[in-house]
Amino acid sequence: MSDSPELPDRVPTPCPSCSPELETVHEVLTATEGGGTVTVRCSECNHVHKVQPEKTAEVTLDVVISQEGESFTANVTTPEDETVEVGDEFILETEEVLSTVRVTSVELEGHRRVEEAPAEKVETVWTREVDNVAVNVTIHPQDGSRDDSRSTTVYVPGDYEFEVGAVEEFGDDEFEIDAFVVRTDASDYERDRYEVEGDTVLAKDAKRIYAYDEQTSAWSAW
């Protein structure tokens, strides 16, 4: 899914010179504005000619983008038969933002939420920005006392990698990662929680990081 249709670099079409009855691969050379004729070159005989590409029916979808605790709405155009699925990522370009977003929920008529659906049936696509993300971190004292645990939030690029056993430093915080929980919209993970040394997660996939403080064993109110 994208905010504007793109013409492919190559298209299958009959060549009037070498294969008028059969389609061959053609390189797209130029296209007229507004989706008119396209100038192509046959990969078999190099004959250059014009074709009228078939137009794909498209729909415009409302997209809600969550970004650093705020949200706004934009519109994207996509083929009506394309499947919109939780976990999909696409580049969204509007006057407000140019960023990569991930689908977190697909809403149909009647406010019904599903994991996936053809674009023509979708009412609203709920997304969140994943270029830069906020990751919640729960930090425990070194002595393991959970009563003195505290939470903080770190802001990192979406492709920043956290690893169980690694020591991270953000501002005044320095902690060793003990475990992490992945988001429900993240793919390519076999389970929700990871706690084996060497396990890794991308920041955009992390729901929460659990860690032990590297500076002190406990905190005091005074």
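Biologist: Before we start, what does "exposed" mean when you say it about a residue?

Modeller: Exposed means over 50% relative accessible area, while buried means under 20%. And keep in mind that this is a predicted model.

Biologist: OK, so where does aspartate 188 fall, buried or exposed?

Modeller: Aspartate 188 is exposed, because its relative accessible area is 80% and the cut-off is over 50%.

Biologist: And where is aspartate 188 in the chain?

Modeller: In the loop between strand 17 (173-182) and strand 18 (193-194). Its backbone stands out a bit too: phi of aspartate 188 is near 70°, a positive value in a residue other than glycine.

Biologist: Asparagine 46 isn't a glycine either, so what is its phi?

Modeller: Positive, at about 70°. Asparagine 46 also sits in a loop, the one between strand 3 (38-42) and strand 4 (48-51). With a relative accessible area of 54%, asparagine 46 counts as exposed.

Biologist: How many bridges join strand 3 to strand 4?

Modeller: Four, and the two strands run antiparallel. As one example of who faces whom, valine 38 is opposite valine 51 in strand 4.

Biologist: What order do the strands take in that sheet?

Modeller: The order is 1-2-3-4, in an open sheet of four strands with antiparallel pairing. Strand 1 (10-15) and strand 4 are at the edges with a single partner strand each, so one side of each has no neighbour in the sheet. From one strand to the next, the twist averages 50°.

Biologist: Switching topic: is threonine 124 buried or exposed?

Modeller: Buried, because its relative accessibility is 14% and the limit for buried is under 20%. You'll find threonine 124 in strand 12 (residues 122-129).

Biologist: What is threonine 124 in contact with, leaving aside neighbours within four places in sequence?

Modeller: Asp62, Val64, Ser105, Val106 and Glu107.

Biologist: Which strand gives the most to the lining?

Modeller: Strand 13, with three residues.

Biologist: And how many residues of that lining are charged?

Modeller: Four are charged, four are polar and three are nonpolar.

Definitions and conventions:
Residues numbered from 1 in each chain as written. Predicted model: local features only at pLDDT ≥ 70, side-chain atom pairs only at ≥ 80, totals over all residues. Heavy atoms only, no water. Buried < 20%, exposed > 50% of the residue type's maximum accessible area, 1.4 Å probe, protein only. Pairing = 2+ DSSP bridges. Axes fitted to C-alpha atoms, helices over the stretch in contact; angles between N-to-C directions. Contact = heavy atoms within 4.5 Å. Nonpolar A, V, L, I, M, F, W, Y, C, P; charged D, E, K, R; others polar.
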